[in-house]
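Open the structure in your viewer and keep the selection tool ready. The stops below say what to select next and what is there.

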Amino acid sequence: MIRLFIRGDLRLAFAGGLLLAWAPARAQNPTPLVPVSRRVATAPDRVLAAPEAAVERLAARLGLTDAQKIQLKPILAERQDQMRVIQGDASLRPHHKLRKAKAVHEEYDRKILAILNDEQKRQYEALEAQAKEALKRRRQARKEPSAPGYPAD
């Protein structure tokens, strides 16, 4: 009887130890326990670059003037604010979030293009096309089976 009780305590202690070992690791990495391939692109844990960093990245790629940088910063900050609102709206379904995010990007792309000269517009549109192609490749990679024996859809 005592041996059975001790074994039960050991099992409980072992399970508790696993839980306690898991909790600090979970606190350091609070992302949900959902496979990366199943996460929605507009998940609230997604990190957006600071507007300053986005402006500098565009400046390096497009050769922006200081005046253009000053004009772009509030536009990018406003776009990010709107994207955060969309991402944080728990009442929206994922496909509605994607539609709203696309509309926001289209609206702000028009504002950004209004600031750029003709050559910069061509470069910006090329960057956008590259980004869309990269997104398409990532989505395709998620659809492909990653391990042998993976059930086909």
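## The whole chain

Start with everything selected and a surface drawn: the accessible surface of the protein is about 11,700 Å², and 59% of that belongs to carbon and sulfur atoms. Such areas come from the Shrake-Rupley method with a 1.4 Å probe, and for residues only the protein chains shown count as cover. This is a predicted model, in which local features need pLDDT of at least 70 and side-chain atom pairs count only at pLDDT 80 or more, while totals for chains, interfaces and linings use all residues. Residues are numbered from 1 along each chain as its sequence is written, and side-chain values use heavy atoms, with hydrogens and water left out.

Switch to a cartoon view. The protein has five helices and zero strands, and from the N terminus on its elements run α-α-α-α-α. Helices (H or I, at least four residues) and strands (E, at least two) are DSSP runs, numbered from the N terminus.

Now colour by burial. Of the 153 residues in the protein, 20% are buried. Buried means under 20% relative accessible area, exposed means over 50%, and partly exposed lies in between (1.4 Å probe, protein chains only).

Contacts come next; a contact means heavy atoms within 4.5 Å. Among contacts between residues at least 6 apart in sequence, 57% join residues at least 24 apart.

## The largest nonpolar core

Select Leu-58, Leu-64, Leu-72, Ile-112, Leu-116 and Tyr-124. In the largest nonpolar core, which has 19 residues, these touch the most other members. A nonpolar core is a set of buried Ala, Val, Leu, Ile, Met, Phe, Trp, Tyr and Cys residues joined through side-chain atoms within 4.5 Å. Helix H2 (51-62), helix H3 (66-88) and helix H4 (94-115) each supply at least two residues of this core. Which helix gives the most to this core? H4 does, with six residues. In soluble globular proteins, nonpolar side chains tend to be buried together.

Keep Leu-64 selected and show what surrounds it. Neighbours within four places in sequence aside, Leu-64 is in contact with Val-55, Leu-58, Ala-59, Lys-69, Leu-72, Leu-116 and Gln-120.

## H4 against H5

Select H4 together with helix H5 (residues 118-143). Their axes are 9 Å apart, and the two helices pack at an angle of about 150 degrees. Axes are lines fitted to C-alpha atoms, for helices over the stretch in contact, and angles run from 0 to 180 degrees between N-to-C directions. H4 and H5 are therefore roughly antiparallel to each other. Angles over 145 degrees count as roughly antiparallel, under 35 as roughly parallel, 65 to 115 as roughly perpendicular and the rest as oblique.

Show side chains where the two helices meet. H4 makes the contact with Asp-109, Ile-112 and Leu-113, and H5 with Lys-121, Tyr-124, Glu-125 and Glu-128. By class, this contact of H4 with H5 has three nonpolar, no polar and four charged residues. Ala, Val, Leu, Ile, Met, Phe, Trp, Tyr, Cys and Pro count as nonpolar, Asp, Glu, Lys and Arg as charged, and the others, Gly among them, as polar.

## Two residues of H3

Select Arg-79, in helix H3. Is Arg-79 buried or exposed? Arg-79 is buried, with a relative accessible area of 15%. Setting aside neighbours within four places in sequence, Arg-79 is in contact with Val-104, His-105, Tyr-108, Asp-109, Ile-112 and Tyr-124.

Glu-78 counts as partly exposed, at 38% relative accessibility. Beyond neighbours within four places in sequence, Glu-78 is in contact with Tyr-108 and Lys-111. Draw a distance from Glu-78 to Pro-51: they are 27 residues apart along the chain, and their C-alpha atoms are separated by 8.9 Å.

## Three residues of H4

Select Lys-100, in helix H4. Lys-100 is partly exposed, with a relative accessible area of 42%. Apart from neighbours within four places in sequence, Lys-100 is in contact with Ile-86 and Leu-92. The C-alpha atoms of Lys-100 and Met-83 are separated by 8.6 Å.

Leu-98 is in helix H4 and is partly exposed at 36% relative accessibility. From Leu-98 to Ile-86, C-alpha to C-alpha, the distance is 8.8 Å.

End at His-96, in helix H4, which is partly exposed at 31% relative accessibility. The C-alpha atoms of His-96 and Ile-86 are separated by 9.2 Å.
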